[in-house]
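Please keep the sequence and the coordinates in view while reading.

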Amino acid sequence: MKLFENPIFLTHKRLVHRGGVLAAILIAALIGFSLLAGLVSYLAEPDDFHFSSPQEAGKTFFGWTIGAEILVLVIGGFSRIARALADDRKAGLWDSNRLTPLKPSQLVLGYWLGPALREFYMAGVLAGFGLIIVLADHLPITLWLGTQILIASTALFFGLLGILAGMAFQRSQGVLIFLVFLFAYPFSFIAPSRMLTNFLLPIYGITNLFQTEHSNLGRDWSSPPEIFGLPIYPILLSLGLQFIIGIFIWRALVRKTANPFQPLLLRWEAVVLFVILVASQHSLLWDLWRGHFPEAAASGRDNERESLLSVVHGGTIITGILLLTFASPLPERVRVESLRLGFKHLGAIFSRSAVSVALVLAAIAGAALLTQFAFSLAGSIRIYAVATVNLAEIFLVFALLLEFCRLRHKRRALGFMAFWLFLLCIIPFILGGVLSSETLARISLLSPGFIALSDRNNPDWQLLFYTVLAHFGVVVLLFIAWQRQWKRLLEKAH
Amino acid sequence: MPDSLLAIERLRVDFPEVVAVNDLSLALDPGDVCGLIGPNGAGKTTTMRAISGLQEFTRGSVKVGGHELSSEPDELKKRLGFMPDFCPTYDQLTTSEFLEHFARAFDVPDRAKRINDCLELTWLTDKRHSLCEELSRGMKQRLVLAKTLLPDPQVLLLDEPASGLDPLGRIELRKILLQLHDAGKTVLISSHILSELSGFCNKAAIMERGKLVKFGTITELGAQMGKRRMSVKWRVAENGALQILNAHRAVKNLETAGLGAAFDFEGEPDALDDLLKTLVVQGVRVCEWRGVGDDLEQIFLQSGAKELM
C-alpha cells in the first residue's frame with residue numbers, strides 16, 4: 001500500500017487540514033521573511049550591524065531559520081505525533097484501526113507521517129527561506145543541504161520516538177519525559193565532539209557545518225569526531241546512528257502494534273542497542289586516554305576533561321536502565337506464558353526476566369569500559385573493578401526491584417519502585433548533606449562508580465570496597481525477595 | 001464443530017487477580033443470533049475482545065470461517081466485525097469520511113456505494129455531511145455499527161450495543177439488528193438488559209464469573225427450564241379455567257388477578273402447549289397467554305447466574 005493510499009495517513013492529513021494549515025504556513029513565512037529582510041538590510045547598510053563579514057551575517061540569519069525549523073519539525077512534530085496517538089488510544093480508535101486488515105507497519109507509517117503534516121509544511125517554508133538566504137549571501141549550498149538532511153533525519157527519528165511515547169505514555173507523562181531530557185542534555189556540552197548525544201541529536205553535525213577555519217568556537221566544534229582515533233564526518237555519524245537506532249525503534253513499534261502485550265524490546269534487541277550505544281560512546285572517548293586511563297594520551301588533548309568518564313558512566317546507567325525497563329516482561333505475561341507452556345521452574349523465569357539482561361548489559365558495559373583501561377589495567381584495576389561492579393549492581397538492583405515491585409505491588413509498583421530507589425540512591429546524599437558527612441553520601445548505590453572514576457587520586461578505597469560489598473548484599477537480599485515473589489506467582493498460576 | 005462459522009474452544013483469559021474467561025466453548029452457525037448474557041463482570045466484554053484479537057488469551061482457540069485467530073489473524077479480521085460498547089469516532093471527520101477511512105482500511109470494493117448502503121442501513125444518510133462530534137450518542141452508536149458492517153463481515157460481535165441509548169435509540173437499534181438477523185449474519189450480541197435481546201436471538205450463552213453456565217438454542221434452553229412463570233387472561237369470568245389450572249399437576253403458585261391468573265409451570269414446553277389447548281377446548285376465551293418476562297429472562301433467572309445482579 002502506497003503512502004497516499006494509507007488510510008491512517010489520509011485521515012490525519014484530513015484532520016490537519018480541517019484544523020487549518022494556512023495560518024501556520026503564514027507564521028513560518030513571516031519568520032522566514034523577517035530573517036531574509038534582516039539579511040537584505042545588512043547587505044544594503046552593513047555598518048548598521050555588528051557582523052564582521054557578509055558570511056557571518058548570512059550564517060546568523062540562516063542559523064535562525066534552521067533553529068525555527070528544528071523547533072517546529074523536531075520538537076513540534078514529536079509532541080504532535082505523541083499526542084495524536086495518545087488521543088486515538090484513549091478514544092479507542094487505535095484498537096479500531098488494529099482490527100482492520102492494515103498491517104502494523106502501515107499503521108505505524110500513517111502515524112509517523114500524518115499527524116505532523118502542519119509542522120512539515122512550516123518546516124518546508126522555513127527551509128525555502130533558508131535556501132534563499134544561503135543563495136543571496138553566496139554561502140556554500142552544502143551548508144543548506146547538510147543542515148536540511150540532518151534536520152529531516154532527526155525529525156523522522158523523533159517522529160518514531162513520538163509514536164513510542166504515544167504508545168507508552170499518557171500526554172502529561174510525555175511532557176515530564178521531555179523536561180527530564182532538557183535537564184540531562186546540558187552534560188553533553190562538556191566535550192561536544194566526544195558525547196554520543198550530540199550525534200544522536202545532530203547538534204555537533206549542524207554546528208560543525210557552520211564552522212570556518214577562523215571560527216571562535218575552537219576545536220570543540222570544528223574538528224571531526226573520532227571513532228577509535230579515526231576521524232569521521234559528523235553528518236555521517238549522526239545519520240548512521242539515527243538510522244540504526246531508528247530501525248530498532250521501528251521494529252519495536254511494529255511488534256508492539258501487532259501485539260501490545262509484548263515488552264517493547266526483545267532481549268536481544270536491548271542487548272544489541274546497548275552494544276551500539278556504549279561501544280560508540282567509548283570509541284568517541286578513545287583518543288583521550290588511548291587505553292591508558294587515567295593518564296591522558298600523549299597528545300595531551302582534552303586532559304582537562306577529568307570527569308568525562310564519570311559523565312559517560314552516568315549516561316551508561318541511564319541507557320541501561322531505560323533498556324531494562326523496555327525489555328522487562330510484565331509478570332502477568334510471564335504467568336500467562338507459564339500457564340500456556342506449563343513451565344514452573346525459576347530457570348525459565350530467569351531466562352525471560354530482565355535480571356539476566358541486566359547481567360549481560362553489565363558485562364557489555366564492563367567490556368566497553370575496559371577499552372579505556374586496556375594498557376593500564378595493572379595499575380588501575382581498582383578503579384575499573386569498582387566502576388564495573390558498581391554498574392552491575394545498579395543494573396541488577398534496578399531489574400530486581402522493577403520486577404519485585406510489579407509482582408508485589410502491582411498497580412502501585414511505580415510508586416514503590418521510586419521509593420526504594422530514592423532510599424538506595426538519594427537518601428544517603430540528603431543525610432550526608434544534613435549531617436555534614438561525606439562518608440554517608442558515599443554509601444549511595446550511585447556513588448562508588450562515580451567516585452572511582454572521577455576522584456581517583458585520593459579515594460578511600462577501603463570504604464569503596466565495603467560499600468560495593470554492602471551493595472552486593474542488597475542485591476542478594478533483593479534476589480531472594482524477587483525469587484520468592486516469582487515462586488508465589490507460579491504457584492498461583494498452576 | 002467443523003461447520004460452525006464462529007467456533008470458540010476452551011478459551012481462557014487470565015487477569016492478574018481473576019480468571020476472566022474460563023474454558024469457554026461455543027459454536028455459532030451461519031445465521032445464528034446468540035445473546036451473550038451475564039451480569040456485569042461476568043466476562044462478556046473480555047470474551048468479545050479475545051475473539052476479536054484485542055485481548056490476549058492464555059489458551060484455547062478462536063476460529064471464524066475455519067480461520068484460526070492465532071495463525072491467520074488477517075483472514076479472521078476480514079470476516080469479523082467488532083462493535084465495542086463505546087463509540088470510537090474521529091470527531092472532526094464527517095460520518096462519510098469516517099466510513100471512508102475504514103472502507104480504505106478494509107479495502108472495500110466500490111467504496112462510495114458501500115458507504116451509502118451502510119449509511120442507509122443505519123438511517124444516517126441525511127447525516128452524511130455532519131461531523132461525528134455533532135451526532136447524538138444513538139447516532140454515533142449507529143455510525144460505529146455502520147463502520148462494523150462496511151466490510152460485510154460474516155460474523156458480528158456487538159458488545160452492549162444499546163448501552164446509553166434512549167428508548168427511541170433502542171427501538172431504532174433493535175430494528176437494525178432485526179435487519180441483520182434477516183440478512184443471515186451470524187451475530188454474537190452481549191447485554192445485561194435482556195429485553196434488548198429477546199425476539200431475535202435464536203441462541204443464548206449465559207456467563208457467570210468467566211464461565212459459560214448455559215449455551216444452546218432458546219428452545220433447548222427453554223426445555224431445560226425447571227419452571228416458568230406464565231400469565232393468562234380471558235374475556236369473561238371463567239371459574240372453569242381456574243379449575244383446569246388448579247387441577248394441572250405442573251401448575252404451581254396460582255394467583256388470580258381480575259380476568260386472569262399467573263402461575264409457575266413446572267413441565268415440558270409441550271405440556272404447556274397442551275394446557276393452552278385444554279383451556280381453549282373447554283371454551284375458555286383466552287385473550288392473552290404469555291410468559292412473565294421473555295424467554296431469555298426466564299432462562300437467565302433459572303441459570304443460577306444471578307449472584308452478581
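In helix 5 of chain A, the buried residues are Gln106(A), Leu107(A), Val108(A), Leu109(A), Gly110(A), Tyr111(A), Trp112(A) and Leu113(A). A residue is termed buried if 20 or more other C-beta atoms lie within 10 Å of its own, exposed if 12 or fewer do, and partly exposed in between, with C-beta atoms placed from the backbone. Helices (H or I, at least four residues) and strands (E, at least two) are DSSP runs, numbered from the N terminus. Helix 5, residues 104–113, is mostly covered, as eight of its 10 residues are buried. Its buried residues pack against helix 1, helix 3 (54–91), helix 4, helix 7 (141–168) and helix 12 (234–258) of chain A.

The model is predicted; local features require pLDDT of at least 70, side-chain atom pairs count only at pLDDT 80 or more, and totals for chains, interfaces and linings use all residues. Residues are numbered from 1 along each chain as its sequence is written, while chains are lettered from A and ligands numbered from 1 in the order in which they are written. The predictor's confidence in each residue is pLDDT, on a scale from 0 to 100. Chain A has a mean pLDDT of 89, and 93% of its residues reach 70 or more. Within chain A, confidence is lowest in helix 8 (residues 171–184), with a mean of 65, and highest in helix 6 (residues 117–136), at 96. Where pLDDT is low, the predicted coordinates should not be read in detail.

Chain A as a whole contains 22 helices and two strands. Of its 494 residues, 43% count as buried. A compact globule of 494 residues would have a radius of gyration near 23 Å, and the 25 Å of chain A agrees with this; the radius is taken over C-alpha atoms, and the globule rule is 2.2 Å times the number of residues to the power 0.38. The C-alpha trace of chain A spans about 75 × 65 × 40 Å along its principal axes. Two residues are in contact if their C-beta atoms, placed from the backbone, lie within 7 Å. Among contacts in chain A between residues at least 6 apart in sequence, 77% join residues at least 24 apart.

Chain B has 11 helices and 14 strands, and 44% of its 309 residues count as buried.

A nonpolar core is a set of buried Ala, Val, Leu, Ile, Met, Phe, Trp, Tyr and Cys residues joined through C-beta atoms within 7 Å. The largest such core has 199 residues, of which Ala358(A), Phe395(A) and Ala399(A) touch the most other members. Helix 18 (residues 377–409) of chain A gives the largest share of this core, 18 residues. Another core, of 12 residues, lies apart from it and includes Val232(B), Val251(B), Ala261(B) and Phe265(B).

Where do the two chains meet? In total, 23 residues of chain A are in contact with 23 residues of chain B. On the side of chain A that touches chain B, helix 1 (7–19), helix 4 (93–98) and helix 15 are the elements that give two or more residues. Helix 1 of chain A provides the largest share of that side, six residues. Helix 15 of chain A (residues 331–341) holds Arg335(A), which is buried because 21 other C-beta atoms lie within 10 Å.
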